[in-house]
Amino acid sequence: MLTATLLTSGSVAEDAVTADTFSCIRDMTPVRGFFVDNIKGDLEATLAAANAAEGKPYPAGSVVQLVPTEVMVKREAGFSPVTNDWEFIELDVSAEGSSIRARGFADVVNRFGGNCLACHVKAEPQWDMICEQNHGCDPIPLTPVMIKAIQKTDPRCEPTPLSDEEKAALQALSALR
């Protein structure tokens with residue numbers, strides 16, 4: 001479970017979302033290949049949005065991660081209208097924990113040179129900027145096996161065995177870098 005300092009009003013203070021907020025991706029709740037949590041403690045509402053067949057806005061405090069180094073955090077209404085109140089965070093991860101490489105709204109660029117908003121803004125409105133197949137976003141250059149292998153090798157997590165297919169996927173991925 002993720003942790004953050006909460007204000008008495010129930011809103012998450014901007015500076016409460018720190019590198020210490022993020023730990024092993026696999027400690028979050030899996031949903032169709034990505035992981036979710038809620039730093040305000042309302043995991044049920046986040047799961048309701050993630051599992052809504054026709055789409056639904058995510059509640060404030062929602063955390064969405066596909067890979068260990070990239071995070072979306074839903075902020076309070078009005079926090080960033082251009083990103084539908086999502087904050088994008090790029091992490092460096094190691095066995096010692098997480099550190100924030102970049103964070104923000106419209107201007108965050110991931111380590112591969114992609115602007116987070118430029119991809120997520122393509123999601124159809126009912127999906128609240130969450131990219132999955134058939135949500136309107138451009139496909140990413142990672143196979144489902146590569147994604148699973150990346151998730152399994154989060155250095156903040158207890159080691160877990162990789163299948164031969166996952167090992168081959170990581171080798172193919174490292175050849176692309």
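**View 1. Glu90 stands opposite Ala102 in strand 6.** Welcome to a predicted model, in which residues are numbered from 1 along each chain as its sequence is written. Local features need pLDDT of at least 70, side-chain atom pairs count only at pLDDT 80 or more, totals for chains, interfaces and linings use all residues, and side-chain values use heavy atoms, with hydrogens and water left out. Strand 5 and strand 6 run antiparallel and are joined by seven bridges; two strands pair if DSSP finds at least two bridges between them. They form a hairpin with two residues between them. Strands (E, at least two residues) and helices (H or I, at least four) are DSSP runs, numbered from the N terminus.

**View 2. Six strands make an open sheet in the order 1-2-3-4-5-6.** The pairing is antiparallel. At the edges are strand 1 (29-31) and strand 6 (97-104), each pairing on one side only. From one strand to the next, the twist averages 30°; angles run from 0 to 180 degrees between N-to-C directions, with axes fitted as lines to C-alpha atoms, for helices over the stretch in contact.

**View 3. Helix 1 (residues 43-50) lies across strand 1, strand 2 and strand 3.** Helix 1 runs at about 145° to strand 2, where contact means heavy atoms within 4.5 Å. Strand 2 (residues 34-38) pairs with strand 1 over three antiparallel bridges, and Phe34 in strand 2 is the bridge partner of Val31.

**View 4. A disulfide joins Cys24 to Cys157.** The S to S distance is 2.0 Å; a disulfide here is a pair of cysteine sulfur atoms within 2.5 Å. Because the torsion about the S-S bond of Cys24 and Cys157 is about 100°, this disulfide is right-handed. The pair links distant parts of the chain, 133 residues apart: Cys24 is in the segment before strand 1, and Cys157 in the loop between helix 3 and helix 4. The structure holds two disulfides.

**View 5. The largest pocket has a volume of about 1,600 Å³.** On a 1 Å grid over the protein atoms alone, a pocket is an open set of points where a 1.4 Å probe fits, with protein on both sides within 12 Å along at least five of seven lines. Its lining has 49 residues, with Leu66, Val67, Ile140, Leu142 and Ile147 nearest the centre; lining residues have an atom within 4 Å of a point. The lining divides into 28 nonpolar, 12 polar and nine charged residues.

Notes: Points joined across faces, edges and corners; volume = space filled by probe spheres on them. Nonpolar A, V, L, I, M, F, W, Y, C, P; charged D, E, K, R; others polar.
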